Amino acid sequence: KEGLETRYIGREIYCFDEVDSTNIIAKELAEDDASEGTVVIAKTQTRGRGRRGKKWISPRGGIWMSIILRPEIPPAKAPHLTLVTGVAVAKTLKREFGLDVGIKWPNDILIGDKKVCGILTEAHARFNTIEYIVVGIGIDTNVDVDLFPEEFREGATSLKRELGVDVDSVDLIRKLLVEFEKVYEDFKRGRFPEILNEWRRFSKTIGSYVEIRKQLGEIVRGEAVGVNSEGALILELDNGKLRKIVSGECIHLGR
Ligand code: BTN
């Protein structure tokens, strides 16, 4: 916490050596009334979770962290936080390391065409009101992706691999929390359209020919032509029709 220049994000930080998942710990703390901005960090996770029920490999050397938020927004807008967080991470990595940082819709942070960070947003609502949101951020900083099981290795990279040197994780967490607070404050002040514009500038998906795998096995292919004001992806299908994609796994097939 030393030298952390934020107003409320990270004013309360819980650090652990090993947990099942920082998102789970954050949820428990939130249920116990932890305040907005409370952060949970662990050196390693035994049951790190990714999107769509996938496992998230979380060895020592990476940044595994969750932030508790209590925004006054309708539950339908909770997914916006994923894009807000993506912009905060992308801006920080770009500024600190000057790498070719991009975002794959909706929320994978890429260096070149390889994933370096994933974001898992979990909203908890009651009576159609948000009680709290946990934003989980996983960054492969000083990890060796060659040691990942094969299905996780492909398409992954780490900051250490891209830079050739170890990264100061504590310093990066500080910078990230400062940037997050700024973008999150903008979001709460109704500046989501501007944040989306920043997201568009980082996007590696817009302009790509993509395949979307939907939850029930449906596959949609087309050119990603943009994102709408809600952050949904707009595809131009091969027959020229436009289709709005709200959720799904996105695979870049080419430009
Ligand atoms: C993805 O599938 O891309 C999202 C990965 C999110 C991983 C982070 S690591 C910290 C937090 N705790 C978890 O169990 N998952 C998130």
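Which hand does the crossing of helix 2 and helix 6 have, left-handed or right-handed? The crossing of helix 2 and helix 6 is left-handed, a term used when the near helix is turned anticlockwise from the far one by less than a right angle, with clockwise giving right-handed. The model is a predicted one, in which local features need pLDDT of at least 70 and side-chain atom pairs count only at pLDDT 80 or more, while totals for chains, interfaces and linings use all residues. Residues are numbered from 1 along each chain as its sequence is written, and side-chain values use heavy atoms, with hydrogens and water left out.

**Helix packing**

Helices here are DSSP runs of H or I with at least four residues, and strands are E runs of at least two, numbered from the N terminus. The axes of helix 2 and helix 6 (residues 192–202) come within 9 Å and cross at roughly 55°, which makes helix 2 oblique to helix 6; oblique covers the angles left over when those under 35 degrees count as roughly parallel, over 145 as roughly antiparallel and 65 to 115 as roughly perpendicular. Helix 2 (residues 80–97) also meets helix 5 (residues 169–188), their axes coming within 9 Å and crossing at roughly 135°, so helix 2 is oblique to helix 5 as well. That crossing of helix 2 and helix 5 is right-handed, and by class their contact has 13 nonpolar, three polar and five charged residues.

**The ligand**

Of the 20 residues around the ligand, Ser21, Gln45, Arg49, Arg51 and Lys115 come nearest, where being around the ligand takes a heavy atom within 4 Å of it. Some polar contacts, pairs of N or O atoms within 3.5 Å, are listed here.

| Residue and atom | Ligand atom | Distance |
|---|---|---|
| Ser21, polar side-chain atom | oxygen | 2.7 Å |
| Gln45, polar side-chain atom | nitrogen | 3.0 Å |
| Arg51, backbone N or O atom | oxygen | 2.7 Å |

Taken alone the ligand exposes 410 Å², of which the protein buries 97%.

**Backbone features**

Most residues other than glycine have a negative phi, and most peptide bonds are trans. Asp33, in the loop between helix 1 (22–31) and strand 2 (39–45), has a positive phi near 70°. The peptide bond from Trp105 to Pro106 is cis, with omega near -5°, and Pro106 is found in the loop between strand 4 (101–104) and strand 5 (108–111).

Technical notes: Axes fitted to C-alpha atoms, helices over the stretch in contact; angles between N-to-C directions. Nonpolar A, V, L, I, M, F, W, Y, C, P; charged D, E, K, R; others polar. Polar contact = N/O pair within 3.5 Å; in protein donor to acceptor, adjacent residues only side chain to side chain. Areas by Shrake-Rupley, 256 points an atom, 1.4 Å probe, with all protein chains shown as cover.
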